[in-house]
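Reader: Please take me through this model. I want cut-offs along with the values.

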Amino acid sequence: MTKDYFLDMDNNKKYTQALKTKIAKLKREKKAVIIAHNYERPEVQQVADILGDSLELSRAVTKVNAKVVVFCGVHFMAETASILNPNKKILLPVKEAGCPMADMITLVKLKQLKAKYPGVPVVCYVNSSAQVKAESDVCCTSSNALEVVNSLSDGEVIFIPDKNLGSYIQSKLKNKQIVLWEGFCPTHIRVSEEEIMQAKKKYPQAKFIAHPECPQRLLQHADYIGSTSGMMRYIKESKDKEFIIGTESGMIYRLEQENPGKKFYSPSEHFICADMKLTTLGWIAYSLENMVYEVKVPEQTRKKARKSLDRMLAVLPKK
Ligand code: SF4
């Protein structure tokens with residue numbers, strides 16, 4: 001492992017630039033593309049060929065020609081990309097980058113839940129393992145969760161693992177009975193209502209826009225609720241100039257780049273996902289140079305999980 005990969009890049013512009021040059025060279029040599037989630041660090045977003053939320057990135061990976069994809073995000077995202085693209089080499093630069101919410105439901109627990117509600121279809125948020133996806137009927141992301149649940153003819157639906165997203169869907173779809181699971185995103189749940197109220201007081205002109213992974217105590221104050229791609233659209237189309245961003249603060253960098261003249265505020269220092277911040281330029285360079293860490297799913301699980309993802313991809317999110 002080369003020592004200069006891991007120098008403090010935030011405080012050292014010279015090394016940041018050196019790493020960017022190295023990444024560009026390795027990318028050409030390995031014929032790779034880099035894709036990054038909206039929550040990644042600014043410098044990681046700067047070297048990415050494609051940015052987006054889970055649904056946009058899932059679709060994007062199936063369209064790129066490259067055989068090597070460096071996925072700057074967390075494990076379930078790289079796994080999803082691999083399920084959809086078994087012939088591409090999907091690399092996760094930091095193998096420990098996971099999603100605590102995805103770990104809140106396991107295959108065993110899901111089977112127990114299904115046994116309790118026989119015949120009830122399972123909608124599984126994409127923040128879940130391949131095994132859990134394989135055992136579910138259909139996946140969804142925060143972009144299309146409402147449409148996916150609504151596309152089912154059944155009145156009762158099991159929704160895993162995010163109880164906050166599930167509750168939000170329940171509030172919108174009164175004709176459905178949603179069985180919730182006790183999962184949640186630690187990043188979105190630790191922000192307090194008081195922090196939102198203080199931000200609103202400090203920036204009285206700002207609209208508060210929130211991700212549906214936030215608990216109801218925060219969502220009740222939102223002017224708009226949507227996925228990160230929904231937020232992007234809302235802000236671009238809005239005549240308002242100031243926004244309080246109710247999701248992981250990495251999103252603010254992309255919003256600033258794409259909306260000059262508009263102002264963005266994070267209401268809380270707690271809106272940081274430690275796992276999303278694990279990926280650095282150093283790890284991307286290391287990943288490309290050594291072709292690590294490849295994420296692969298056993299074929300039997302992959303085929304079953306693919307069915308749940310294909311059903312999801314067939315449902316378009318509402319614009
Ligand atoms: S922000 Fe929350 S849901 Fe997203 S990866 Fe981090 S812990 Fe998981």
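Reader: Is Ser-167 buried, exposed or partly exposed?

Author: This is a predicted model, where local features need pLDDT of at least 70, side-chain atom pairs count only at pLDDT 80 or more, and totals for chains, interfaces and linings use all residues. Residues are numbered from 1 along each chain as its sequence is written. A residue is buried with 20 or more other C-beta atoms within 10 Å of its own, exposed with 12 or fewer, and partly exposed in between; C-beta atoms are placed from the backbone. Ser-167 has 16 C-beta neighbours inside 10 Å, so it counts as partly exposed.

Reader: Which residues does Ser-167 touch, not counting those up to four places away in sequence?

Author: Ser-167 sits in helix α8, residues 163-172. Helices (H or I, at least four residues) and strands (E, at least two) are DSSP runs, numbered from the N terminus. Contact requires C-beta atoms, placed from the backbone, within 7 Å. By that test, the residues touched are Leu-180 and Gln-216.

Reader: What distance separates the C-alpha atoms of Ser-167 and Pro-215?

Author: The two residues are 48 residues apart along the chain. Their C-alpha atoms are separated by 8.6 Å.

Reader: How many residues does domain 3 give to the contact with domain 2?

Author: Domain bounds come from an automatic or database domain assignment. It gives domain 2 as 102-184 + 299-313 and domain 3 as 187-265. Their C-alpha centres lie 26 Å apart. Domain 2 gives nine residues to the contact, and domain 3 gives 13 residues.

Reader: Which strands stand at the edges of the open sheet of four strands?

Author: The strand order is β2-β1-β3-β4, with parallel pairing. Two strands pair if DSSP finds at least two bridges between them. A single partner strand leaves one side of each edge strand without a neighbour in the sheet, and so it is for β2 (50-52) and β4 (89-91).

Reader: What is the bridge partner of Ile-35 in β3?

Author: Strands β1 (residues 32-37) and β3 (residues 68-72) run parallel. Five bridges join them. In β3, the partner of Ile-35 is Phe-71.

Reader: At what angle does α14 run to β3?

Author: Axes are lines fitted to C-alpha atoms, for helices over the stretch in contact, and angles run from 0 to 180 degrees between N-to-C directions. Helix α14 (residues 281-290) lies across β1, β3 and β4. Its angle to β3 is about 155°.

Reader: How many residues of α14 are buried?

Author: The buried residues include Trp-283 and Tyr-286. They pack against α1 (13-30), β1, α2 (42-47), β3 and β4. Of the 10 residues in α14, the number buried is eight.

Note on methods
Contact = placed C-beta atoms within 7 Å.
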